[in-house]
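Here is a short briefing to read alongside the model. Please keep the structure open as you go through the points.

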Amino acid sequence: MMMAKISKMALLLLAWLTIAANPLFRDRWICDKTWLRLTTARYPNLENVGVIDVMALAKTLGARAGPFDATANVHGLYHKKFKHKCPYDTDEDSTKRRTVNYFYQDSKGISPIAPLCAADITDPYVKCAQMVERRFEVSRNRANAEREREVEEQIRQCVMDKVEEESKKKDSERKKKAEADEENQNADVN
């Protein structure tokens, strides 16, 4: 089955949507790093597609997020960001701050109250030892199994395309080097 080529960001969004469909992760504020860990735990090959990090996730989801008005927010995705210490930073003495993006996936058609500061948000997964140690497993959502299989197949195809592209690039470089070496040998002979 031939699939249309999909961008890395679109693939990241598809993967995230399958995670966000799980009732465990809807209707609550969750920080960017938690979403990233959930997504890469469920789809470990996603990292082989390219640079999948907090910035890429925030950019992808931020573009999809809507206003704090349930009737105007067609995707039911809300976004707030605050500059503060990363919730995953375990160093108590650290003063390093970053912009932390929080996302809320609504399933009830009710807009959440917009938080005014980071203290207004509690990501229930941040202090979870399994999440901190990256041992958190995201099980299949049976109600969403077909979509998850499609996303897995698209990720697999993207990884295969990337491997093939890199292989062609290396072959081309080898060929150019061989041609250059041959020209140098011919020049030495003359």
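D27 counts as partly exposed because its relative accessibility is 22%; buried means under 20% relative accessible area, exposed over 50%, and partly exposed in between, with a 1.4 Å probe and protein chains only. This is a predicted model, in which local features need pLDDT of at least 70 and side-chain atom pairs count only at pLDDT 80 or more, while totals for chains, interfaces and linings use all residues. Residues are numbered from 1 along each chain as its sequence is written, and side-chain values use heavy atoms, with hydrogens and water left out.

**D27 and its loop**

- You will find D27 in the loop between α1 and β1; helices (H or I, at least four residues) and strands (E, at least two) are DSSP runs, numbered from the N terminus.
- The phi of D27 is near 60°, a positive value in a residue other than glycine.
- Most residues other than glycine have a negative phi.

**The chain as a whole**

- The chain has five helices and three strands, and from the N terminus on they run α-β-α-α-β-β-α-α.
- Of its 190 residues, 38% count as buried.
- Among contacts (heavy atoms within 4.5 Å) with a separation of 6 or more, 68% come from residues 24 or more positions apart.

**Helices**

- Helix α1 covers residues 8–20, and its end C-alpha atoms are 18 Å apart.
- That agrees with the 18 Å that its 13 residues should span at 1.5 Å a residue, where the expected span is 1.5 Å times one less than the number of residues.
- The buried residues of α1 include L11, L12, W16, L17 and I19.
- Helix α2 (residues 32–42) is mostly covered, with nine of its 11 residues buried; among them are D32, W35, R37 and R42.
- E148 belongs to helix α5 (residues 145–189) and is buried, with a relative accessible area of 2%.
- Although E148 and L17 are 131 residues apart along the chain, their C-alpha atoms are separated by 9.4 Å.

**Strands**

- Strand β3 (residues 98–105) is mostly covered: six of its eight residues are buried.
- Strand β2 (residues 77–84) pairs with β3 in the antiparallel sense over eight bridges; two strands pair if DSSP finds at least two bridges between them.
- Within β3, N101 is the bridge partner of K81.
- Strand β1 (residues 29–31) also pairs with β3 in the antiparallel sense, over three bridges, and I30 stands opposite F103 in β3.

**The largest pocket**

- The largest pocket has a volume of about 170 Å³. A pocket is an open set of points on a 1 Å grid over the protein atoms alone where a 1.4 Å probe fits, with protein on both sides within 12 Å along at least five of seven lines; lining residues have an atom within 4 Å of a point. Grid points are joined across faces, edges and corners, and the volume is the space filled by probe spheres set on the points.
- Its lining is made up of D32, V54, M55, A58, K59, H79, K81, R98, T99 and N101.
- Two or more of these residues come from each of α3 (54–64), β2 and β3, and α3 gives the most, with four.
- By class, the lining has three nonpolar, three polar and four charged residues; Ala, Val, Leu, Ile, Met, Phe, Trp, Tyr, Cys and Pro count as nonpolar, Asp, Glu, Lys and Arg as charged, and the others, Gly among them, as polar.
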